[in-house]
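Here are a few friendly notes to read beside the model. Take them one at a time, with the viewer open.

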Amino acid sequence: MKKNKNWIQNIMRSFHINSKKEIVDFFVRLIFMISTIISASFIVIIVAFIAREGIKPFVTDNDGLGAVNLFKFLSGRVWLTGTTFQSNLYSVGFIIINTIYVALLSLLIAMPIGVLTALFIAKIAPKKLSSIMRTVIELLAAIPSIVYGLFGAGVILPFVYNFAKTLGIQSPGGNSVLATVIVLSLMILPTITALSEVAIRSVGKDIEHGSLALGATKTQTHFKVILTSAKSGIFSSAILGIGRALGEATAVSLVAGNSQNGPSFGIFQTTSTLTSTMLQGLKETIGIDYDIRFSVGIVLMIVILITNMILNYVKKKVGNVNVK
Amino acid sequence: MSNKRKKFDKLLQTITYVSSSIGVLILSLIVIFVIKNGVGLINWDLVTNDYHAQFYNGGIEEVTTFSNTPRPASLDDEDIYSDKWGIAVRDGLDREGKPIVEVTYVAEDSPLYLMYDKNNIDNLDFKIEVENVISSIKFENKPSALSLYGAENMINDLNAENQFREIVFSSLGGGIRGSLITTLYTIGLTLIIALPIGIFTAIYLNEFAKKNRFTRIIRSMIEMLTGVPSIIFGLMGLAVFVPLTTKYTPADGANLISGSLTLAVILLPIIIRSTEESLKVIPDDFRFASLALGANNSQTTFKVVLPSALPGILTATLLAIGRVIGESAALIFAIGTTIKDDISIFGKSTTLAVHIWSLLTDEPANIELASTISIIILIIVLILNISVKLLSKKYLKRA
């Protein structure tokens, strides 16, 4: 018992703890530090556990079905050949392409609208109007994705269906690339607008005044000087926007149509993204059909990471040629 | 300035105006759509009713005295009243848009009060009530009166008889009470888990941590969480928290605790950032004054720094609640999609947002009820947003 007490005292001395007050201080500090380590460790836990489950289909024999071939998994054009639980022929190749395709298309739509809205809010609109517009954008950002999904299912699907019909194309309930792209661009619009606005507002007044003094019109200044100066910030908004588009799940799963093969490039074809594939038909919590979702999750994380890296590289290249 | 230049400028301006009006257009479209489809179902019963309808089979002994109550004046023209049996019914639609026959009035001396529960003789509370839905009345010697043929036909059939075999009726169902309670539980549990960890982390990073490489790495690891899509958090919940909770609690499969733990991880970066921001604006003079008076670091933190950071923590809490209410992708995995009426934190059930998802993935999709739930969610999110804005405005003025 005595020995035990000495041991504690030794520890206390080594941490420079001499009084009761300092013991409390020490423990408070310890609790804070443990909380911090817990918070920081979650990213490791996420990666480790998803990797652990996701690698299973490739290294085990999946209850006699045989290991999934990684190369075929990444390059195939049909999600599952054969029946569930009786086949190991899964592939996400076409889904990767679909995911990137719809994300890029929605960025293509949302980007100009978002940047011009940001320009309007930051430079053109009178103070009152711009604060109203800012609130509108904030509200759009606050709407949960499931409500966008509902809007997609209730408004955009019928719209796409009728639009296809007038063109003489049969679209299955409107579930299509077009519907997915519209919903996604609605969802990333507030992100792009908010971030671009910050970038545009941080452009120095002297640059603007310089341009005006040289005889450029206001519109010329806005488009040729301010937007080009804010290029780097605008690009960051695009990176965040595409990140959101790639990772969006519920809204997309309601309008994509979950095609089982592809890739689908035609705007009225049904499509499927990595996220919608993960969500569809989750029934069992063991076996290959369950584990393979984690593999899709790994693929999604890698796709997001690579897209971010490429865009960051481009941003560096583009951002350097700045109007100074 | 040349004419061409002017025209080009005008064109660019117009494009800008059109683009910026698109945001407003989308917001109003969403709001109009949700209200138009959902407002019809909004009433207090929706919030208090169960989702799963309870079915009853009421049998009756020989009836000797019938009702004497005349048609009450309070009934509408649509109500069809049987003065013999003292019951009024009308044609209606249930929450999935299917036609039903619902009870709108039962007279006090109605012989239907003599009915007993055929499935459970001991059930003495058994009676048919207003808002119950009659699916069929079965007779001994003629075909049953089904709700399919409408309320009028049903009453006519009933009036012609002095006896029936049984009335099959049910509660209305389709209510969201279960999902609402689940959402509230989830918010509470998540905050209990996430707030202390998040606040402590923010305090450690801002008050205690040395500015070295280790702290920078910790910070960037937490920052990385914000970039992870929510469905990945859901997979994490499925792989980590669901097995954990099934092992140490009575739960089997996804449950409220695993869902809350998953949400807590999603919320951590939000809470940490918001708390840290409010810690940063506290002037160092406060800390120095406290330390100079002989308080140690932890006393300073709890008695001086934390009270001043309260508005920031409150903002974080409101933002967190908003996120919990709207979250769907992560919860589909981490909490499950089963809609339940009896809620236990160890059991399966689902929040309002996932309830919408279930309604929309059903065949056929129930847009009306989904819109009604969306109205509720949107109103809550709107209130939270406005509070955050007012809070930060007031707070910024003071600082």
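Predicted model: local features only at pLDDT ≥ 70, side-chain atom pairs only at ≥ 80, totals over all residues.

How many residues does the contact take from chain B, and how many from chain A?

1. **Where the chains meet.** The contact takes 64 residues from chain B and 65 residues from chain A. On the chain B side, helix 1 (residues 3–38) supplies the largest share, 17 residues. If you sort the chain B residues that touch chain A by type, you get 44 nonpolar, 18 polar and two charged.

2. For chain B the mean pLDDT is 85, and 98% of the residues of chain B reach 70 or more.

3. **Chain B as a whole.** The C-alpha trace of chain B spans about 90 × 75 × 40 Å along its principal axes. Of the 399 residues in chain B, 41% count as buried. Among chain B contacts between residues at least 6 apart in sequence, 73% join residues at least 24 apart.

4. **Chain A as a whole.** Chain A holds 13 helices and two strands. With a radius of gyration of 26 Å, well over the 20 Å that the globule rule gives for 324 residues, chain A is more spread out than a compact globule. Along its principal axes, the C-alpha trace of chain A spans about 85 × 65 × 35 Å. As for burial, 45% of the 324 residues of chain A count as buried. Among contacts in chain A with a separation of 6 or more, residues 24 or more positions apart account for 73%.

5. **Helix 7 of chain B.** Helix 7 of chain B runs over residues 256–280, and at 1.5 Å a residue its 25 residues should span 36 Å; the end C-alpha atoms are 35 Å apart, which agrees. Even so, helix 7 of chain B bends by about 40° at B:Leu267, and a proline, B:Pro269, follows within four residues. Is helix 7 of chain B largely enclosed or largely open? Since 22 of its 25 residues are buried, helix 7 is largely enclosed by the rest of the structure.

6. **A closer look at that proline.** B:Pro269 lies in helix 7 of chain B. A residue needs 20 or more other C-beta atoms within 10 Å to count as buried, and B:Pro269 has 21, so B:Pro269 is buried. Leaving aside neighbours within four places in sequence, B:Pro269 is in contact with B:Ile222, B:Glu223, B:Leu225 and B:Thr226.

7. **One backbone angle to check.** Which loop of chain A holds A:Asn258? A:Asn258 is in the loop between helix 11 (250–255) and helix 12 (274–279) of chain A. Phi of A:Asn258 is near 45°, a positive value in a residue other than glycine. A:Asn258 has 18 C-beta neighbours inside 10 Å, so A:Asn258 counts as partly exposed.

Notes: Residues numbered from 1 in each chain as written. Chains lettered and ligands numbered in written order. Expected span 1.5 Å × (residues − 1). Bend = angle between axes of the 7 residues up to and from the residue. Buried ≥ 20, exposed ≤ 12 C-beta atoms within 10 Å, placed from the backbone. pLDDT = per-residue confidence, 0-100. Contact = placed C-beta atoms within 7 Å. Nonpolar A, V, L, I, M, F, W, Y, C, P; charged D, E, K, R; others polar. Rg over C-alpha atoms; globule rule 2.2 N^0.38 Å.
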